[in-house]
Amino acid sequence: MRIELKQVVPFVLKDRLLQKTSDVWNTNLALLPGEYIKIQAPSGTGKTTFLNTLYSIRKDYTGNILIDGKSLQELSVDELAQMRQHKLSVVFQNLQLFPNLSAFENIELKRLLSPSYCSKEKIEWMAETLGITQLLQQKTGTCSYGEQQRIAILRALVQPFNWLLMDEPFSHLDDRNIAKAAALIDSECKARNAGLVIADLEADKHFNYTHQYSL
Amino acid sequence: MKQLNRLLHKLIYNSAGQARFVMALVGLSVAIILLLMAVQLQVNYYQLLNGKNNQDSVANFLVLNKELTNETVGASSLSEKEIANIKAQPFFESVGSLTPSRFKASIQSNSERFPFYTDIAFESVPAEFIDINNKDWQWDETSAFLPIIVPNQFLDFYNFQFSFSQNLPQLTPQVVKMVVLKVTLQGNGTPYEMKGRVVGLSNRISSMMVPQNFMDWANKHFAPIDGNNKPSRVVVRTKDPGNPALKKYLQSNGLITDAEKTRFSRYRQIVGYVVNISAITGVLLLAFALLIFTLFIQLTIASCKDEIQLLVLLGASPKQLRIFLMKRFFPPNIIIVFIAFIVIGITQFFLGYWLQQKQIYVASYPSFYTLFTALVLLLVIGLVNFKTITNYLK
């Protein structure tokens, strides 16, 4: 799945972008299938805005985003739902878990939206890899932020996707857990021939990036 | 899908209270029962008024004449225009003029045991208004007898008053029909005698009735030439003597009839208002209950708005959520409409049975209109649910 950005300028960043240039905003940029993209930028420069725009949560921008040649703005709600179920997965910065559901239920809910892709055994295996097996029956509202981050990462991996969008996914993880999570993400992306877009504050070597952009 | 619904149910269920849902359903049930009851009442009311079993053959015929006042004394006859006007009214099915005899007449019995004599006047009416189907009800100049129909009140008056005062025997209807009477007509000076016989007793018109062709013949031969030929009374057949419109027409045209037969119009009007008010109340209550139910759906969706938004973010399609929410909110409505219909059915069965004991006949099962209303209600509730959910998911 090819993503093209054509002179995209979010309303909230309009004034700021008049004073400086960006690798992403107000330019033409193509994200090709299977590419690993790193967006590195300090706080407040629009990392979350960028990922939310790609995920079509925000539509307050000028310019155009094309998904396989089709404008993102023109997708119907049902097409958007289909895209989120089968082509685009996400790890939100604020994680967006249901606090009243257990970790397993949070993951299961996502799995059932695009059924027959990932088995329960696979979930258990991935949970073990991430070291959260013991948390599966616990309500996510009672888990630590680092634990919730791993649950959110696991949830993003139970569906089919062409692109995985991640917004500071390792901010509360220690190096050991980051390494485990990054290895799992990498293998899952490879298995799907999928690309990933990760937005973070600092430079890192978690993945073998195709491109690194700054905002 | 089942597992997904279970998880969605857990999410939505935790956000919106089950107690509120049940309360909204109870409110809607009461409103539906009231509305269906109002429809059934209207049907029952219509059946009571128009059902064949409940019709009174006497009440369907009314004799109309002008009310006698100082102004109408001596001018009580009805003009052709007035009769045409009566015929034009929708509540009268047919109208017949009553022709009075304009000659003197008397009847007496031939029997020694029954020395009865009285002066009398006859009236005639077209045969279709006569309720005695008797082969003897015909006359021509060669006939041996003049057939006469006597009002039941006359026989009662004779049996329970006149016979005592004159020391005469009481007579059963069978005996009366066997007595041969001497009928004497007087008009142009010479008395004309003929035999007469009672062929039937009737409650319909309280006059001594003779066949129309006899009346025409007798009036021609015995009435004064310059007499008034116009009828003073007409007999009308009506489906509904209690019709308030009929009563109003009579009043506004200075006509009167047997008040006994029309006095129900007032009661009917009142009952009609009550039934209509119950229907209006039912509709208002239903609207109110639908409003509550709609608000409840909105409240439920609003109280789990965050969850729904997150579900949409994760890729749940609005269509999936709409189906899920419809599955949650609509099926209980089918059950309550069904229960409401069953309640109406049971009530109607016992009402029918109870009224039957009082010789009042209504169907012992709910009407088609009630069933139709129930189905329409279900459709309306379904549409309201669907619309609310769709609007809210936007």
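In the predicted model described here, the side chains of B:Lys10 and A:Glu105 meet in a salt bridge with an N to O distance of 2.6 Å; a salt bridge is taken as a side-chain nitrogen of Lys or Arg within 4 Å of a carboxyl oxygen of Asp or Glu. The rule finds one salt bridge across the interface of chain A and chain B. Between the two chains, six residue pairs are in polar contact, both residues being at pLDDT 80 or more. A polar contact is a pair of N or O atoms within 3.5 Å, where within protein one must be able to donate a hydrogen and the other to accept it, and residues adjacent in sequence count only if both atoms are side-chain atoms.

On the side of chain A that touches chain B, the elements that give two or more residues are helix 3 (77-86) and helix 4 (103-113) of chain A. Helix 4 of chain A provides the largest share, six residues. Helices (H or I, at least four residues) and strands (E, at least two) are DSSP runs, numbered from the N terminus. In total, 20 residues of chain A are in contact (heavy atoms within 4.5 Å) with 19 residues of chain B. The area buried between chain A and chain B is about 1,800 Å², with carbon and sulfur atoms giving 69%; buried area is the accessible area (1.4 Å probe) that two parts lose on being put together, summed over both.

Chain A contains an open sheet of four strands in the order 2-1-4-5, with antiparallel pairing; two strands pair if DSSP finds at least two bridges between them. The edge strands, each pairing on one side only, are strand 2 (28-31) and strand 5 (70-71) of chain A. Strand 4 (residues 61-67) of chain A is joined to strand 5 of chain A by two bridges, and A:Leu66 stands opposite A:Ser71 in strand 5 of chain A.

The axes of helix 5 (residues 120-130) and helix 7 (residues 175-192) of chain A come within 9 Å and cross at roughly 145°. Axes are lines fitted to C-alpha atoms, for helices over the stretch in contact, and angles run from 0 to 180 degrees between N-to-C directions. Residues of helix 5 of chain A in this contact include A:Trp125 and A:Met126, while those of helix 7 of chain A include A:Ala181 and A:Leu184.

Residues are numbered from 1 along each chain as its sequence is written, and chains are lettered from A and ligands numbered from 1 in the order in which they are written. Local features need pLDDT of at least 70, side-chain atom pairs count only at pLDDT 80 or more, and totals for chains, interfaces and linings use all residues, while side-chain values use heavy atoms, with hydrogens and water left out.
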